[in-house]
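Let's take a walk through this structure together, starting with the overall layout and then moving inside. Have the model open beside you as you read.

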Amino acid sequence: TKIMTFRPSSRDWSMVKMPRKAAVIYTDGMFIYNDETDNVPVTTTSQNHLKGIVQASYASSTSTADMYVLAPNSVNSTFYADGGSGTLTKAMEGDQFDFASDGLSIAQAASTYDTVELVKYINASTGIFKLNVLHGKD
């Protein structure tokens, strides 16, 4: 069963408020990063300034009001995620992958930036991951 969003699997996450970028749609469970200007959804090339998991859906608007985000307290903070269109296996534990372009899953077939690491295999479509790079603290 696919979960199609990111969800914490460890307790070392903190709820924080972060500003949204105008004209961007945010989905509950989406991972975001700071592109050095704004907090935006992760993409396949996101690897720095990772901020956390959005905790509500926000429609595109002209507002830059705050949104609630669960921010990892360390690079060892773990989270549930889907392996995208690929198939995860137990043998992949310890392997590194990129985020998918949808901001809601892992690109199981991509390892250009190695942004996340599979910590625990759950089933063919879902695993527990951790960040493989230092997240930004602006």
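The chain has zero helices and eleven strands. Keep in mind that you are looking at a predicted model. Followed from the N terminus, the elements read β-β-β-β-β-β-β-β-β-β-β. The radius of gyration is 14 Å, close to the 14 Å that the globule rule gives for 138 residues, so the chain is as compact as a globular protein of that length. If you draw a box along the principal axes, the C-alpha atoms fill roughly 45 × 25 × 25 Å.

How do the strands come together? Five of them form an open sheet, in the order S2-S6-S5-S3-S4, with antiparallel pairing. At the edges of this sheet stand strand S2 (13-19) and strand S4 (39-41); each has a single partner strand, so one side of each is left without a neighbour in the sheet. From one strand to the next, the twist averages 45°. For a closer look at one pairing, find S5 and strand S6 (residues 66-72), which are joined in the antiparallel sense over two bridges. Here Ile53 has Leu70 of S6 as its bridge partner.

Now let's go inside. The largest nonpolar core holds 20 residues, and those that touch the most other members are Phe6, Phe31, Phe79, Phe99, Ile106, Val116 and Phe129. Two or more residues of this core come from each of strand S3 (31-34), strand S5 (50-54), strand S7 (78-82), strand S8 (96-99), strand S10 (116-121) and strand S11 (126-131). Apart from this core lies another one, of eleven residues, including Val24, Ile32, Tyr58 and Leu104.

Finally, step back to the chain as a whole. Of the 138 residues, 45% are buried. Among contacts between residues at least 6 apart in sequence, 62% join residues at least 24 apart.

Methods:
Residues are numbered from 1 along each chain as its sequence is written. This is a predicted model: local features need pLDDT of at least 70, side-chain atom pairs count only at pLDDT 80 or more; totals for chains, interfaces and linings use all residues. Side-chain values use heavy atoms; hydrogens and water are left out. A nonpolar core is a set of buried Ala, Val, Leu, Ile, Met, Phe, Trp, Tyr and Cys residues joined through side-chain atoms within 4.5 Å. Buried means under 20% relative accessible area, exposed over 50%, partly exposed in between (1.4 Å probe, protein chains only). Helices (H or I, at least four residues) and strands (E, at least two) are DSSP runs, numbered from the N terminus. Two strands pair if DSSP finds at least two bridges between them. Axes are lines fitted to C-alpha atoms, for helices over the stretch in contact, and angles run from 0 to 180 degrees between N-to-C directions. The radius of gyration is taken over C-alpha atoms; the globule rule is 2.2 Å times the number of residues to the power 0.38. Contact means heavy atoms within 4.5 Å.
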